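Please keep the sequence and the structure in view while reading.

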Amino acid sequence: DPAEHHGGNSRRESRLALGLPHTAIAVLVFGSIDERKGIDALVAAIAATDDLKDYVVILAGKRSPQSSIRTDVSPYTELQSNNQLIVLDKYLSESEQSGMFSAADVVWVGYRNHQYMSGVLVLAGRAGLPVIGTNEGEIGRLIAKHEMGVAAKIDQLDDVTRALRAMSGGATRMEMGRRAQSAFEGHTVESFGDEVLS
């Protein structure tokens, strides 16, 4: 999948715009928001675990009309009351998208029943960000191959918690992000066009 990540505001500016403290570990869920993205597993793990209080979930994207996700019920409300949940229920402009990836520390691709590639995975790599994702399908295979994040069994709370804890160290995130960037540096629109034309 091709993807473009355009630098915009600095990380500091992007985080200030979202009200993120400098100590927060921001986990970005990007794109169409619905059940298949496994968001309930992410939110439940953070809400249930005392040593994940520095983690903040950013839901950035329009909620699917078919989605039954409700952010006005627990555990979403618990995270909101602790300033650990930011919801941007809308289509994001290119500059807003860049801001989300600049502000994030980790990108969530813990999708259920998703055996194929993910454009969000490519965006994370282009932005130099590590991922937490499903251990299944193409996402799981690429995470393992490139060591660009941590794969988990999304329907096992302990495994999701383990994956989140593995992202607590800044040096670990930076190294995984470097590998992600290296893995997807050629996934540009231009390269895709050249390949199709050839």
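Helix H2 (residues 39-48) is largely enclosed by the rest of the structure, because 7 of its 10 residues are buried. Here buried means under 20% relative accessible area, exposed means over 50%, and partly exposed lies in between, with a 1.4 Å probe and protein chains only. Helices (H or I, at least four residues) and strands (E, at least two) are DSSP runs, numbered from the N terminus. The buried residues of H2 are Ile39, Ala41, Leu42, Val43, Ala45, Ile46 and Ala47. Their cover includes S1, S2, H3, S4 and helix H7 (157-166), where contact means heavy atoms within 4.5 Å.

The model is predicted: local features need pLDDT of at least 70, side-chain atom pairs count only at pLDDT 80 or more, and totals for chains, interfaces and linings use all residues. Residues are numbered from 1 along each chain as its sequence is written, and side-chain values use heavy atoms, with hydrogens and water left out.

Aromatic rings come next. A search of the whole structure finds 1 aromatic pair. The rings of Phe30 and Phe101 have centres 5.2 Å apart and planes at 65°, so this pair is edge-to-face. Rings of Phe, Tyr and Trp (its six-membered ring) pair if their centres lie within 6.5 Å, and planes under 30 degrees apart count as stacked, over 60 as edge-to-face and the rest as tilted. Because Phe30 lies in strand S1 (residues 25-30) and Phe101 in helix H4 (residues 94-103), the pair ties together parts that are 71 residues apart in sequence. Phe30 is buried at 11% relative accessibility, and Phe101 is buried at 2%. Another ring, that of Tyr111, has the charged end of Arg36 over it, 5.8 Å from the ring centre. A charge sits over a ring if NZ of Lys or CZ of Arg is within 6 Å of the ring centre and within 35 degrees of the ring normal.

The backbone also deserves attention. Most residues other than glycine have a negative phi, and most peptide bonds are trans. The peptide bond from Ser74 to Pro75, however, is cis, with omega near 5°; Pro75 belongs to the loop between strand S2 (55-60) and helix H3 (76-81). Asn83 has a positive phi, near 55°, and is placed in the loop between H3 and strand S3 (85-88). Asn113 likewise has a positive phi, of about 50°, and is found in the loop between strand S4 (106-109) and helix H5 (119-126). Asn83 is exposed, with a relative accessible area of 64%, and Asn113 is exposed at 73%.

On a 1 Å grid over the protein atoms alone, a cavity is a set of points where a 1.4 Å probe fits but cannot get out, and a pocket is an open set with protein on both sides within 12 Å along at least five of seven lines; lining residues have an atom within 4 Å of a point. The count comes to 1 cavity of 30 Å³ or more, and the largest cavity has a volume of about 50 Å³. Its lining includes Ile33, Leu59, Lys62 and Asp89. The largest pocket holds about 280 Å³ of space. Its lining has 14 residues, of which Arg11, Ala104, Asp105, Gly128 and Leu129 lie nearest its centre. H4 and helix H8 (170-184) are the elements that give two or more residues to this lining, and H8 gives the most, with 3 residues.

Note on methods. Grid points are joined across faces, edges and corners, and a volume is the space filled by probe spheres set on the points.
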